[in-house]
Amino acid sequence: MKNLRYFLLLLTSISYSQTQEETLLRQIYSAALTQGKCYSWLDDLSNKIGARLSGSEGAEKAVVYTKQQLETLGLDRVFLQEVMVPHWVRGEKESAYILNNGKKTVVPICALGSSIATPKSGVTAEVIEVKSLKELADLGQDKIAGKIVFFNRPFEPENIETFKSYGKAVDQRYAGAKEASKYGAVGTIVRSMTMRLDDFPHTGNQSYGDIPKDKYIPTAAISTNGAELLSRLLKENPKLKFYFKQSCQQLPDALSYNVVGEIKGSEHSDRIMVVGGHLDSWDLADGSHDDGAGVVQSMEVLHIFKNLDYKPKNTIRVVLFMNEENGGRGGDKYEELSQKNNENHIFALESDSGGFSPRGFSFDCDDENLNKVKGFKTLFEPYLIHTFTRGHSGSDIEPLTGKNLVKVGLRPDSQRYFDYHHAANDKFDAVNKRELELGAAAMASLVYLMDQ
């Protein structure tokens, strides 16, 4: 009988605990959907400040704005972390055309990040199309020297998870110019990193690696419609020529900041849980999905906790990282300072996959912790959060270290993300208010459960 009473008491305790968790999640979602600030914050970031490439005036304004907004939430501490960042500027709008049998056909291009400029008169040369870095190497110097290399490997359409397609295509953007330069190419043109056929060229960073500066060649992205046209015309006339002109340049590194705000833990203030996104964006548009959404969702997590008067056991810290797009220095600096200050990070959550409907989370942690967090799945089912998988968490929290550290990435629906990623249409009107708020609620819910 004594054992039976103990068992019933245990069941009551478990039931009570689960009810408390369910109740708090319901309150979190209600606060996000009825009292949230993330959409208005994104409106300001996108429409009042705009593009925020590191080193730019927009990035500087975004630091000031987000710090001010965090200070209005009544947090225990808001501060900046200095970080030196690359300062690349695009210059005049790029121009390009296909020259085929005396006919000029204009096509949309944009310089890739960290690229050098063309000569003032531009570059005109014959084109050789390749689908991979291996194919480039197989062709060799004799067939490539003096030509523009056209990397035209499209996204694999059969992947349901579009980030997988991106991962299999992006090497040609990142390393294409460096590799083509080794064989004497005078420039490279890269098919934009998107599944959709449209007229928006998608920028993104590229690297010359360790090749000498006198071997750098200009490189640009071409829209998918432009890539399809160029490929078709090359089949008809392999001797056609391509012209492009761009005036980008790399300026000296600039001083910028990570923006940090925190609520001190009521029981374990020395244990830190991070939630964040990157404050910088590419310069072609507002960067509303990449990563304005992640920034304001992360801020919203702390806003929700303050609204609910939730007092976390551990210190909850929002970090708005600078320079994810073309260097990753904000994440590196955060980890450097964490080590210097002997900080103990136990959890980190990043949102950097757009402001679309949340579908779940990817976890970078050991098996024991992964099995524990999978126990939360039933709590999320009423909110249509069903994916709990092992995988990449985020570029900015990737450098972060800690004993038994659990790193997590928010995983929204990915089908539309690369329609906007790094392109001129990544604007505020591409973000759905409710989807954005649901993502913030999912993040706050996971932070709460991990805090417990």
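**Basis.** I worked with a predicted model, where local features need pLDDT of at least 70, side-chain atom pairs count only at pLDDT 80 or more, and totals for chains, interfaces and linings use all residues. Residues are numbered from 1 along each chain as its sequence is written, and side-chain values use heavy atoms, with hydrogens and water left out.

**Largest pocket.** I looked up pockets (open sets of points on a 1 Å grid over the protein atoms alone, with protein on both sides within 12 Å along at least five of seven lines; lining residues have an atom within 4 Å of a point). The largest has a volume of about 1000 Å³, taken as the space filled by probe spheres set on the points, which are joined across faces, edges and corners. Of its 47 lining residues, Phe163, Tyr166, Glu324, His392 and Ser395 are the closest to the centre. Strand 16 gives the most to this lining, four residues; strands are DSSP runs of E, at least two residues, and helices runs of H or I, at least four, numbered from the N terminus.

**Helix 5.** I then checked helix 5 (residues 162-169), in which Thr162, Ser165, Tyr166 and Ala169 are buried, meaning under 20% relative accessible area with a 1.4 Å probe and protein chains only. They lie on the same side of helix 5 because they cover an arc of only 100° around the axis, the arc being that of the directions from the helix axis to the C-beta atoms. I found these buried residues packed against helix 6 (171-181) and helix 12 (417-420), with contact meaning heavy atoms within 4.5 Å.

Note on methods
Buried < 20%, exposed > 50% of the residue type's maximum accessible area, 1.4 Å probe, protein only. 1 Å grid on protein atoms, 1.4 Å probe; cavity = no way out; pocket = protein on both sides within 12 Å on 5 of 7 lines; lining within 4 Å.
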